[in-house]
Amino acid sequence: MTGTVPESISTEGVNGGVGLTALLVAAARAIETHRPDSLAQDVYAEHFVRAAPASARWPVHIRQVPDGDANPLWGRFARYFGLRTRVLDDFLLRSVHTGGARQVVLLGAGLDARAFRLDWPPDCVIYEIDREGVLAFKHQVLGELAATPRAGRVPIAMDLRADWVGALTAAGFDPAAPSVWLAEGLLFYLPVTAETCLIDTVDRLSAEGSALAYEVKLEKDLLAYRDSPLYTATRHQIGIDLLNLFDGEPRPDSAADLAGKGWSTAVHTPFHFTRRHGRGPLPEPNDALEGNRWVFADKPRR
Ligand SMILES: C[S@@+](CC[C@H](N)C(=O)[O-])C[C@H]1O[C@@H](n2cnc3c(N)ncnc32)[C@H](O)[C@@H]1O
């Protein structure tokens, strides 16, 4: 078990604001990891949760939740994150092993430990972009665990609302070679201009044969779901008001933008994958997940 990370690192990192959502996903991954029918294994997740003052008392096992799977946050929502983790693990591994890309960029990487837990080709490099405080916390926890990445790993401390291209290329990213990009649980926190710019930039930096996956929310009015069980449980149980953290502007149609740039795209509901894997959330009334879509895009080779 890792020790508690000092306030100086943690305050502007994972212990408040949007950084706290990285801990929420880590707790969900920890719970998923301990399930007998888990869809994804992340042995690092519970260490992140225990190390941060903000989450040290959160559950990391469903048996620590008094109402268990009936709890909207640690039951259904955590299963959502478990499913998302598995589907995007599969996307990344498929892209490097069959697509042949050797550079992976995790945008808003948060406490994603894929560099440490997935089976990468030895010459693969994983670039992790997130804000400085989040990456400092991650570095400290992984350092205490003496965790060893299973590929090259390059953390890049940048705000994705700023110009991050120079930092990525200076770190070794080669726009002439195919790449795989992931924006998991990120875009709805960014202003529309930052999302549009990010998609343009990914396109510009992607050679033919590159791939991108990301998550969006389609709702025109996010506040319509303010009283949904997922949002109220997250607010009341751990003090995260997701709707306050999401950017409130109507979202751009980034999948259409990519299609217009020649990418081939597939847009799926999470429920599609629940049915495929036999576990995960299914639709319910007043559902905060109703507008969630997972987008998979490929830049074809000519
Ligand atoms: C919900 S977490 C998801 C983390 C990770 N992708 C995962 O699924 O485990 C959102 C992450 O986006 C990061 N993030 C949000 N806005 C950002 C910005 N403007 N620049 C860089 N990172 C940002 C947060 O710091 C946080 O780590």
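Where in α4 is the kink centred? The legends below take up this helix and its surroundings in a predicted model.

**View 1. Helix α4 and its kink.** Helix α4 covers residues 72-97. Its kink, of about 30°, is centred on Ala78.

**View 2. Helix α2 against α4.** Here the axes of α2 and α4 cross at roughly 90° and come within 8 Å, so α2 is roughly perpendicular to α4. From α2, the residues Val25, Ala28, Arg29, Ile31 and Glu32 take part, meeting Trp74, Phe77, Ala78, Phe81, Gly82 and Thr85 of α4. By residue class, the contact holds seven nonpolar, two polar and two charged residues.

**View 3. Helix α12 against α4.** Helix α12 (residues 270-277) and α4 have axes that come within 10 Å and cross at roughly 80°; the two are therefore roughly perpendicular to each other. On the α4 side you will find Tyr80, Leu83, Arg84, Arg86 and Val87, and on the α12 side Pro270, Phe273, Thr274 and His277. Five of these contact residues are nonpolar, two polar and two charged.

**View 4. The shell around the ligand.** Take a look at the 21 residues that surround the ligand, of which Thr21, Gly108, Gly110, Leu160 and Gly185 are the closest. Helix α2 (residues 20-34) supplies the largest share of this shell, with three residues. The shell is made up of ten nonpolar, five polar and six charged residues.

How values were computed:
Residues numbered from 1 in each chain as written. Predicted model: local features only at pLDDT ≥ 70, side-chain atom pairs only at ≥ 80, totals over all residues. Axes fitted to C-alpha atoms, helices over the stretch in contact; angles between N-to-C directions. Helix = DSSP H or I, 4+ residues; strand = E, 2+ residues; numbered from the N terminus. Parallel < 35°, antiparallel > 145°, perpendicular 65-115°, else oblique. Contact = placed C-beta atoms within 7 Å. Nonpolar A, V, L, I, M, F, W, Y, C, P; charged D, E, K, R; others polar. Bend = angle between axes of the 7 residues up to and from the residue. Near = placed C-beta within 6 Å.
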